[in-house]
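Please look through the structure shown here and follow how its side chains meet one another.

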Amino acid sequence: MELQSWQVLGDRGGLMARQVGQRSSRGSCGKQMLIRYSLAMLVVVTLGFRSTLWSQSMRKLPLRSKVESVQPMTGIVLWSSNSHADAMPIQLEFSYLRYRDVVDQQGEYDWSPVDQLLDQIASRGHQAILRWHDTYVGQPTGVPEVIRRLDGYQETSGISEGKKTRFPDWSFPPWRALVLDFFTRFAERYDRDPRLAFVQVGFGLWAEYHIYDGPMELGKTFPDRAFQETFAKHLSKVFQVTPWMISVDAAGDHTPFGSTPELAKLPFGLFDDSFNHRRHREENEPNWDLLGRERWKIAPTGGEFSFFERRDQVEALAPQGPHGTPFAEQARRFHISFLIGDDQPRFRKLEVIRAASLLCGYRFRIVQLLAGPNRMEVTIRNEGIAPIYYDAFAAVGGIRSEKSLKGLLPGESITCSIPAMGEASTFSIECDRLVEGQQIQFDADLR
């Protein structure tokens, strides 16, 4: 006799049953399978009923909001010494620092100059981008005196960019050791400091991984490839939260980055200090490609408007840019979070700088906001050109979701559940990596 029985299957939507043909000489098998089927259908009906009740109990909430200010950790950047820093629509300020600013003649570390700088920047409601350098055109090195006085240390002096410039002695082991120790201590103190947004590091002129003009000698005026590799790996260990960045000029054959696949796995970002110059596509873009064009997905990308020609600065934010490529297009192609444009207040009005800044980095939109008996659900989409690189959370009345918006890529959405009751007016996006006065805004037009 042929009986019809039912087999219970599992799938992503829950339980379901399907009919299968089976032969048996006894009816007990068929009865057992019918019982299993009945139980399965009961589960399906119960789950469906609960789902219906839940969907009926959730209600859409209206929410109106618009991103009007430059978002934290994004936009056009001014130097901290710029007199316009307090009045311009910016969120970031940049500063160079030397190792000798912190390490005194006895080898003791005094971080007060760094704290004073960070406090000044934070007092304006901004965060800092710091770049530590050892070589600056026309100046003494950034090497602390405690190293320079040691027997065996021999610096080099040469003409660079038309100015007498001094270069560190990278053959000297105590100097290399101090650099590693310095960043260990720096990260211990500032890795979780909200006053600090990003850190830029490197060697050579302006820490940009090059000596275009002057005595370039690996292992002497510039660290050899082995130490460069050690340095990069060290930074990836000591910085657990703060993103660190290197120049796109690190793609040159005087560094290990192009020939050491292991280094490509490190979470460093990129900065380009000749952004959007006349030959950017031919000269700079290959460096981006070599170091990882998709690196922006895990670490910030930024840089500075070029100084090759005067028009590079004057027309940086002109409608067609200095050489036919608008800033908006170039920023989108490289997923820029920020660009140093210290001269821009001389050439462009405040609103132009604000508009350009709003094109950078992340931009969140609330797609849907639902309220239920004991929780709220919010769906958020990133409509910017880059992710946010710190944890940020949807929150209602100060109660945060467990999911973070960190790493949410452009065009992607995330739905967050918040165990709270409240109206749309209590909704916010919270981030512990902000200073007083900063706020992550969002777009919303929910009715």
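What follows is a short walk through aromatic pairs and salt bridges.

This is a predicted model, in which local features need pLDDT of at least 70 and side-chain atom pairs count only at pLDDT 80 or more, while totals for chains, interfaces and linings use all residues. Residues are numbered from 1 along each chain as its sequence is written, and side-chain values use heavy atoms, with hydrogens and water left out.

The structure holds 41 aromatic pairs, where rings of Phe, Tyr and Trp (its six-membered ring) pair if their centres lie within 6.5 Å, and planes under 30 degrees apart count as stacked, over 60 as edge-to-face and the rest as tilted. The ring centres of Phe182 and Phe186 are 6.5 Å apart and their planes lie at 5°, so this pair is stacked. Both Phe182 and Phe186 are buried, a word that stands for under 20% relative accessible area, with exposed over 50% and partly exposed in between (1.4 Å probe, protein chains only). Trp288 and Phe334 form a tilted pair, with 4.7 Å from centre to centre and 50° between the planes, and Trp288 and Phe334 are likewise buried.

Turning to charges, a search of the whole structure finds 34 salt bridges, each a side-chain nitrogen of Lys or Arg within 4 Å of a carboxyl oxygen of Asp or Glu. Arg278 forms one with Glu309, the closest N and O atoms being 2.9 Å apart, and Glu309 is partly exposed, with a relative accessible area of 25%. Asp443 and Arg363 meet in another, at 2.7 Å from N to O, and here Asp443 is buried, with a relative accessible area of 4%.
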